[in-house]
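Have a look at the model below before reading on.

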Amino acid sequence: MHPSTTIYNTEMNDELTKVNVYDDNGYLPIHRATLNGLDGIVKNILEDAEKRNDLKSQLEAITHDEDEFTPLLLATTSGRLEIINCLLEYPVNLNVIDANGNDIISIAILSQNERTVRYILDLSIITEQYNVWKSLLKLFLSIKDEESLICGRMIESLTRRPANNSPISSYWIPLLQNDLLSTLFQLFTLSKNDDVLLTTFILFYNVTTEIPTIKNELKTIKNAFSSMLKHTRSTNPEILIILGRVLLYLSTDKSLIESMVEQDLIELLMKLITKEHSSQIICSYFDCLSNVISNSFSYQQKIANSKDFLLLLIEVYLEDFDLNLSLSVIRFIRQLVKNNETIQNILAHYGICDHLLSALTASSKELQQVSIEAIQALSYKNARVQDILLREHAIEQLLNLLDKTNMSTLQIVIVCTLWTLCETSSTRKRDVATKIGVKKLISFYMLKSDEHLLAVTEALHELTKGAATIKLNIQEEINQAQGIPYLIRLLKLNDQTLVLTVLRTLQLICCAPGFVSNRNNQEIIHNNDGIKLIVALAMHAKSDIVQVEAAQCLACIALGNMECSTIIENTLDFSYLHIIYLTQTTKSDVQLKASNTLATFIYNNSHIRTHLSKYYQLSFDYFDKFLQTNDEFIRCTAAFQIVVLSSLISEQKRSVTTAIGCGILIDILRLSEVDKVKSLAAECIARLAHMKSGSEIHKHTGVPQSLIAVDAIDYLCNLFSSSNDITIGNASIALGFLSYVPEGRRKLLNRCRSEPDIMNFLKIYNCLPGIPPRLSASLIEDWERYDTLKLPKLRSRGSSIRYFRVLSNNIERLRIAPPSTYIKEQSSTNTSKFYSSSIRQKI
């Protein structure tokens with residue numbers, strides 16, 4: 001042992017006889033031993049005092065100075081943990097305080113000795129007389145800002161995780177059990193010291209993020225949010241920053257939003273955003289408002305009522321080039337305009353479209369994505385905004401970006417936004433889908449997301465509506481791109497709208513306009529177990545509209561394919577009777593589709609026609625309600641059905657029923673002013689133009705001849721002036737099939753001689769590579785003879801069929817044919833005044 005230590009211990013042993021004598025500093029021997037960390041001496045003093053029954057006087061002896069420390073308080077302030085432990089072995093008074101009213105935990109905290117504080121807290125001293133946790137929080141509420149600040153920072157240090165992956169601090173639970181939340185809100189209300197408030201907000205943020213369940217207690221604290229929101233008036237940037245983070249986090253809990261709004265959250269945040277322009281401060285407030293307004297339409301209106309605030313967004317914040325601010329503002333705008341036409345129009349009027357489109361050229365992919373999402377929300381079901389974006393070439397910019405990016409999340413949002421911009425125009429949808437391309441559309445099915453599936457499937461559906469041309473065959477492209485298996489998998493999803501779109505797409509993949517079946521695609525569906533899945537939907541889907549669309553899909557798969565037809569009939573519990581039941585539902589759209597399904601099954605299938613004729617009959621009254629409606633689409637569909645299903649209608653002779661159906665189709669074709677209706681009528685005529693007889697399968701029914709007799713050829717030729725490629729394609733297919741009837745061939749040849757461009761259309765849609773032409777060989781020979789001999793052109797009927805070339809699925813008009821001065825002669829013997837619409841002049 002060191003000599004000096006020996007001398008010191010000897011001196012201290014001599015002092016044992018003077019344990020109650022204070023030195024010049026006001027210390028007893030126990031105080032000096034405690035201060036110097038001599039736990040052995042302290043223990044000897046206490047043992048000796050215990051023998052003399054003087055233990056309490058030693059334990060509670062106070063220093064004769066300004067602090068008035070007991071040995072326990074002196075050990076605490078000097079961080080002597082061994083002596084604290086020694087003293088606690090005796091009945092020491094834990095509730096003792098010094099001259100300033102500070103107890104053991106308060107002195108440890110104010111000494112800023114975290115090691116001592118942790119030691120005391122870990123002792124978990126909780127008695128009836130003393131609760132270390134309540135004493136700690138009492139110090140935090142001290143009216144002395146310095147004491148409150150030291151305590152707050154100590155709590156912050158105690159509860160901080162040493163590493164992100166570490167478990168949460170064990171101190172949070174006892175703190176919360178002893179009213180930490182109440183303490184924090186008292187400080188929010190009472191404290192005026194910025195440093196204390198900053199620490200308080202940090203603690204509140206930490207505890208709510210570490211233990212999210214305590215957010216539920218905020219609902220029980222009166223004016224909890226008001227006490228925080230009043231600090232939005234603070235001029236301290238640090239307080240505003242942490243307050244923004246707190247409010248942003250709380251706004252992610254929808255159950256708290258109503259209380260926050262009731263305590264003026266929206267109004268105060270709008271004032272703050274108007275006043276503060278620092279991106280570091282206001283980004284969190286924009287994100288908080290985004291969460292709030294997404295919860296209620298009425299919250300959107302609160303902001304919409306402030307036109308100055310909306311103008312501020314456009315003229316100030318979107319002009320700022322700060323990336324984080326731009327992201328927050330555009331995210332806020334995305335939520336603000338969501339499903340709110342009024343705000344959409346206001347912001348569009350203020351010039352938001354130009355700003356959002358400019359962001360598409362940004363180098364930040366995140367900014368590009370957020371801007372595209374905002375464009376989608378801004379234009380959703382708003383034709384006015386869509387027109388503005390279209391005039392500013394939004395579609396072209398989005399397509400260009402889609403072509404360049406390989407980022408899956410960006411591809412998804414671009415596709416969805418493109419589809420939103422096109423929602424009012426089927427032609428625009430088809431153009432966009434064509435530019436994207438079948439192969440790329442199908443590749444999007446491989447992306448790990450569900451939100452784009454409907455848009456991609458609808459794009460494919462739009463493409464399949466058009467008839468194949470010599471340069472474009474969508475059915476085959478989908479097949480070659482392995483798209484059919486993807487579509488079949490989508491049928492398993494629990495999304496009715498998507499499943500319906502898939503079923504309608506599969507119908508067109510198997511059965512092109514004019515009931516031109518695609519045997520290869522039908523068999524691919526079967527090979528991928530599609531028939532079993534579709535039969536299950538047709539028989540057992542919860543929705544009757546899904547059932548009937550699935551049944552129509554099966555009919556298209558069976559069309560012209562006896563093998564598939566037999567497989568369908570033998571699959572699971574498939575029954576034609578179930579389709580008959582669907583015709584008896586109370587929903588007219590389901591009824592019409594169900595009878596259309598029967599017509600498709602029967603079409604050119606003598607086996608099914610014979611089977612159904614034996615067991616089932618349909619009433620003409622069932623169809624009459626559809627034939628009498630003002631809806632031309634429904635009338636057209638019903639007219640086609642009664643012709644095909646005439647063998648199942650017992651009240652009328654088949655010839656009469658057929659005549660009624662054909663007459664309605666021709667009337668619609670010549671009288672309708674709606675291009676889409678004419679297109680449907682042309683397609684129905686195309687189906688009927690190659691319908692076979694049930695008894696003589698290789699012979700026509702007489703329907704084509706009837707159609708030709710009432711000038712179907714001329715009315716169909718008039719459709720070539722349409723701007724709709726689908727209409728032109730349907731007319732071309734119908735004329736191709738009618739060209740096999742001698743009288744039809746003669747009329748068509750005459751029309752071609754007067755308007756030579758018609759023959760070009762017919763060849764584009766009917767003379768496809770790799771398959772026999774649908775155009776009569778005799779007509780082609782007659783035309784080639786006419787063309788070779790250079791026979792004189794017949795007088796024009798005043799039509800202006802366009803010269804064209806085929807680019808993708810679009811027909812690009814190059815120039816207008818020379819106008820004709822010929823006026824069609826009216827026959828005095830013609831009792832029917834057929835309407836012939838003037839053909840529009842377009843370049």
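## Ground rules

This is a predicted model, where local features need pLDDT of at least 70, side-chain atom pairs count only at pLDDT 80 or more, and totals for chains, interfaces and linings use all residues. Residues are numbered from 1 along each chain as its sequence is written, and side-chain values use heavy atoms, with hydrogens and water left out.

Helices here are DSSP runs (H or I, at least four residues), numbered from the N terminus. Contact means heavy atoms within 4.5 Å.

## The core

The largest nonpolar core has 294 residues. Such a core is a set of buried Ala, Val, Leu, Ile, Met, Phe, Trp, Tyr and Cys residues joined through side-chain atoms within 4.5 Å; buried means under 20% relative accessible area, exposed over 50%, and partly exposed in between (1.4 Å probe, protein chains only). Helix 36 (residues 544–558) supplies the largest share of this core, 11 residues. Phe204, Met228, Leu250, Phe286, Leu313, Ile534 and Leu716 are the members with the most contacts inside the core.

Take phenylalanine 204: leaving aside neighbours within four places in sequence, its contacts include Leu181, Leu184, Met228 and Leu250. Ile534 sits in helix 35 (residues 530–540), among that helix's buried residues. The cover over the buried residues of helix 35 includes helix 33 (496–510), helix 34 (519–527) and helix 36.

## Two helix pairs

Helix 21 (residues 323–336) packs against helix 24 (residues 365–379) at an angle of about 20°, with axes 9 Å apart. Axes are lines fitted to C-alpha atoms, for helices over the stretch in contact, and angles run from 0 to 180 degrees between N-to-C directions. The two therefore count as roughly parallel (angles under 35 degrees). Their crossing is left-handed, meaning that the near helix is turned anticlockwise from the far one by less than a right angle. By class, this contact has seven nonpolar, two polar and four charged residues; Ala, Val, Leu, Ile, Met, Phe, Trp, Tyr, Cys and Pro count as nonpolar, Asp, Glu, Lys and Arg as charged, and the others, Gly among them, as polar.

Helix 43 (residues 654–671) and helix 44 (residues 675–688) cross at roughly 145°, and their axes come within 9 Å. This crossing is also left-handed. Leu665, Ile666, Ile668 and Leu669 in helix 43 meet residues of helix 44 including Val677, Lys678 and Leu688. The contact of helix 43 with helix 44 divides into 10 nonpolar residues, no polar and one charged.

## Two buried serines

Serine 326, in helix 21, counts as buried because its relative accessibility is 10%. Beyond residues up to four places away in sequence, serine 326 touches Asp320 and Leu367. Leu367 belongs to helix 24, and both residues take part in the meeting of the two helices.

Serine 227 lies in helix 14 (residues 224–229) and is buried too, with a relative accessible area of 8%.

## Two positive phi values

Most residues other than glycine have a negative phi. Asparagine 53 has a phi near 60°, in the loop between helix 3 (39–51) and helix 4 (55–59). At 74% relative accessibility, asparagine 53 is exposed.

Asparagine 604 has a phi near 50°, in the loop between helix 39 (588–602) and helix 40 (606–615). Asparagine 604 is partly exposed, with a relative accessible area of 25%.

Definitions and conventions
Angles under 35 degrees count as roughly parallel, over 145 as roughly antiparallel, 65 to 115 as roughly perpendicular and the rest as oblique.
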